[in-house]
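Open the model in your viewer and keep the selection tool ready. We will go stop by stop.

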Amino acid sequence: MIIAIDGPAASGKGTLARRLAAHLGLKHLDTGLLYRAVAAELLNRGLPLDDEATAAEVASGLDTGALDRDMLSAHEVGEAASKVAVMPAVRAALLKLQRDFAATGAVLDGRDIGTVICPDADVKLFVTASAQVRARRRTDELAARGKAADFDAILADLVKRDARDAGRAVAPLKQTADAHLLDTSEMDIETAFRKAVDIIDSI
Ligand code: C5P
């Protein structure tokens with residue numbers, strides 16, 4: 001079984017994907033980590049974020065066994081990731097890896113799983129929430145980890161990142177006609193999880 005979960009930043013899709021994978025006994029891939037890893041390596045090596053050939057080379061050589069979730073979760077890395085994610089050569093370099101991962105059954109979450117990576121997924125979920133709610137969650141998450149977080153700055157960044165992710169020419173974030181919409185603005189993770197399980201069970 002392949003479950004494709006797409007949605008904007010801080011919508012709760014990652015937490016939901018992990019819970020569903022554990023519940024269903026499937027592997028899970030947070031595909032945002034791949035774009036984050038490419039961006040982090042460019043930043044660490046002092047390389048430009050807008051040079052497509054260099055970014056694609058980094059993407060091709062990515063060691064997926066060594067992804068440091070904690071380091072990659074930094075807010076600035078997410079911003080940089082959405083800049084490298086607009087480049088077709090970067091996306092092409094990461095395509096096979098994601099399809100191979102999905103081949104034996106998995107839960108994948110990202111922006112283009114239902115549209116490009118796994119268009120034939122058994123279940124597609126589009127997880128979203130209002131920008132205000134997402135910014136609040138992200139601010140609280142950072143604060144809980146002892147990191148300084150300014151709500152207004154985070155909200156502005158999220159809105160900018162949404163526009164970049166949904167407005168790009170290649171693999172933009174969008175809900176497909178066959179995806180089930182889960183708006184988590186007024187839901188806790190437990191409720192969202194139960195709704196997702198109901199959707200999966202009904203298929
Ligand atoms: O989901 P996360 O915030 O970790 O993703 C970071 C960035 O990576 C996103 O803003 C998006 O630009 C990019 N991304 C993507 N396609 C995916 C997953 C992430 O373009 N499947």
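**Stop one: the ligand**

Select Arg36: an N or O atom of its side chain sits 2.6 Å from an oxygen atom of the ligand. A polar contact here is a pair of N or O atoms within 3.5 Å; within protein, one must be able to donate a hydrogen and the other to accept it, and residues adjacent in sequence count only if both atoms are side-chain atoms. This is a predicted model, where local features need pLDDT of at least 70 and side-chain atom pairs count only at pLDDT 80 or more, while totals for chains, interfaces and linings use all residues. Residues are numbered from 1 along each chain as its sequence is written, and side-chain values use heavy atoms, with hydrogens and water left out.

Next, Arg161: here a polar side-chain atom is 2.7 Å from an oxygen atom of the ligand.

Now show the surroundings. The ligand has 15 residues around it (a heavy atom within 4 Å). Arg36, Arg91, Arg111, Arg161 and Asp165 are the closest.

**Stop two: α5 and α9**

Select residues 75–84, helix α5, and residues 151–167, helix α9. Helices are DSSP runs of H or I, at least four residues, numbered from the N terminus. The axes of α5 and α9 are 10 Å apart, at an angle of about 20 degrees. Axes are lines fitted to C-alpha atoms over the stretch in contact, and angles run from 0 to 180 degrees between N-to-C directions. Therefore α5 is roughly parallel to α9 (under 35 degrees).

Show the contact (heavy atoms within 4.5 Å). From α5 come His75, Gly78, Glu79, Ser82 and Lys83. From α9 come Ile154, Asp157, Lys160, Arg161, Arg164 and Asp165.

**Stop three: α1 and α10**

Move to helix α1 (residues 13–24) and helix α10 (residues 189–201). Their axes come within 10 Å and cross at roughly 55 degrees.

Which residues of α1 make the contact? Thr15, Leu16, Arg19, Leu20, His23 and Leu24 do. On α10, the partners include Phe193, Val197 and Ile200.

Technical notes
Helices (H or I, at least four residues) and strands (E, at least two) are DSSP runs, numbered from the N terminus. Angles under 35 degrees count as roughly parallel, over 145 as roughly antiparallel, 65 to 115 as roughly perpendicular and the rest as oblique.
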